[in-house]
Amino acid sequence: MSAIPAAPERVDPPLAGDEKSTLLGFLDFHRDTLRMKTAGLTADQLNATHAPSTMTLGGMLKHLALVEHWWFACVFLGQEYAEPWDSIDWREDADWDWHSAVDDTPDELRSLFDRACAESAAIVAQVDDWGTLSVRSSREGDSFSLRWIVAHMIEEYSRHNGHADLIRESIDGETGE
């Protein structure tokens, strides 16, 4: 059995940074917040829900790994889904990322999430101009700037970290930022 990972040390975003360091600082802060909310939990705990929602912290880790991959690799770079996302019939289960997490171990979920975040960070690190537009476009045919994608990811994490607060507190009473 593997050791339970410790909660990460979160670094506050810079107070007087430029656009790139401020936005990436907030994105990393929120990624680490999710890591904190899921640190030390067993598989059963990662699969616990807080009624009436069916959301789980394990599902949230897997969902946000997908979201990272989708926005940075698929939308921004124009790549196709990589595994494990590529072989999924999304028409059959549009929420497969949430539902299938119950079949993954805590280590698998954390590893999937961490790899997706690292791949996203590597993509962003190669782009100097935050106005660079995505290869894929919206349904309306408009491309997304890297700036917009990063801001959207901060919003995505902020929303789900609020859910994570409630779920984690219902599991073991753990509260905090």
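Biologist: Which residue just after H1 takes a positive phi?

Modeller: Keep in mind that we're looking at a predicted model. H1 covers residues 19-38, so the place to look is just past that stretch. The residue there with a positive phi, of about 75°, is Gly-40.

Biologist: How far does helix H1 reach from its first C-alpha to its last?

Modeller: H1 has 20 residues, and at 1.5 Å a residue the expected reach is 28 Å. The model comes out close to that, at 29 Å.

Biologist: Which element gives the most to the largest nonpolar core?

Modeller: That core has 34 residues, and Leu-34, Met-60, Phe-72, Ile-149, Val-150, Met-153 and Tyr-157 touch the most other members. H1, H3, H5 and H6 each give it two or more residues. The top contributor, with 10 residues, is H3.

Biologist: Is Ile-149 buried or exposed?

Modeller: Ile-149 is found in helix H6. Leaving out residues up to four places away in sequence, Ile-149 touches Trp-71, Phe-72, Val-75, Phe-76, Ser-134 and Phe-144. Its relative accessible area is 0%, so Ile-149 is buried.

Biologist: Which residues is Val-150 in contact with, leaving aside its neighbours within four places in sequence?

Modeller: Val-150 is one of the residues that touch the most other members of the largest core. With those sequence neighbours set aside, the contacts of Val-150 are Leu-23, Leu-24, Leu-27, Phe-72 and Trp-130.

Biologist: Now the aromatics. How are the rings of Tyr-81 and Trp-90 arranged: stacked, edge-to-face or tilted?

Modeller: The count of aromatic pairs comes to eight. For Tyr-81 and Trp-90, the ring centres are 6.0 Å apart and the planes sit at 35°. Stacked needs under 30 degrees and edge-to-face over 60, so this pair is tilted.

Biologist: Which of those two counts as partly exposed, and which is buried?

Modeller: Buried means under 20% relative accessible area. Trp-90, at 19%, is therefore buried. At 26%, the partly exposed one is Tyr-81.

Biologist: How many residues apart in sequence are the parts that Trp-85 and Trp-96 tie together?

Modeller: The rings of Trp-85 and Trp-96 have centres 6.1 Å apart and planes at 85°, so the pair is edge-to-face. Trp-85 lies in the loop between H3 (57-76) and H4, while Trp-96 is in H4, so the pair ties together parts whose separation in sequence is 11 residues.

Biologist: Which residues do ring pairs link into a cluster?

Modeller: Two members are the edge-to-face partners Trp-85 and Trp-96. Trp-85 is buried, at 3% relative accessibility.

Biologist: Last one: which residue's backbone oxygen lies 2.8 Å from a polar atom of the Ser-100 side chain?

Modeller: Ser-100 sits in the loop between H4 (96-99) and H5 (106-125). Its relative accessible area is 8%, so Ser-100 is buried. The backbone oxygen at 2.8 Å belongs to Trp-96.

Terms used:
Residues are numbered from 1 along each chain as its sequence is written. This is a predicted model: local features need pLDDT of at least 70, side-chain atom pairs count only at pLDDT 80 or more; totals for chains, interfaces and linings use all residues. Side-chain values use heavy atoms; hydrogens and water are left out. Helices (H or I, at least four residues) and strands (E, at least two) are DSSP runs, numbered from the N terminus. Buried means under 20% relative accessible area, exposed over 50%, partly exposed in between (1.4 Å probe, protein chains only). A polar contact is a pair of N or O atoms within 3.5 Å; within protein, one must be able to donate a hydrogen and the other to accept it, and residues adjacent in sequence count only if both atoms are side-chain atoms. Rings of Phe, Tyr and Trp (its six-membered ring) pair if their centres lie within 6.5 Å; planes under 30 degrees apart count as stacked, over 60 as edge-to-face and the rest as tilted. The expected span of a helix is 1.5 Å times one less than its number of residues. Contact means heavy atoms within 4.5 Å. A nonpolar core is a set of buried Ala, Val, Leu, Ile, Met, Phe, Trp, Tyr and Cys residues joined through side-chain atoms within 4.5 Å.
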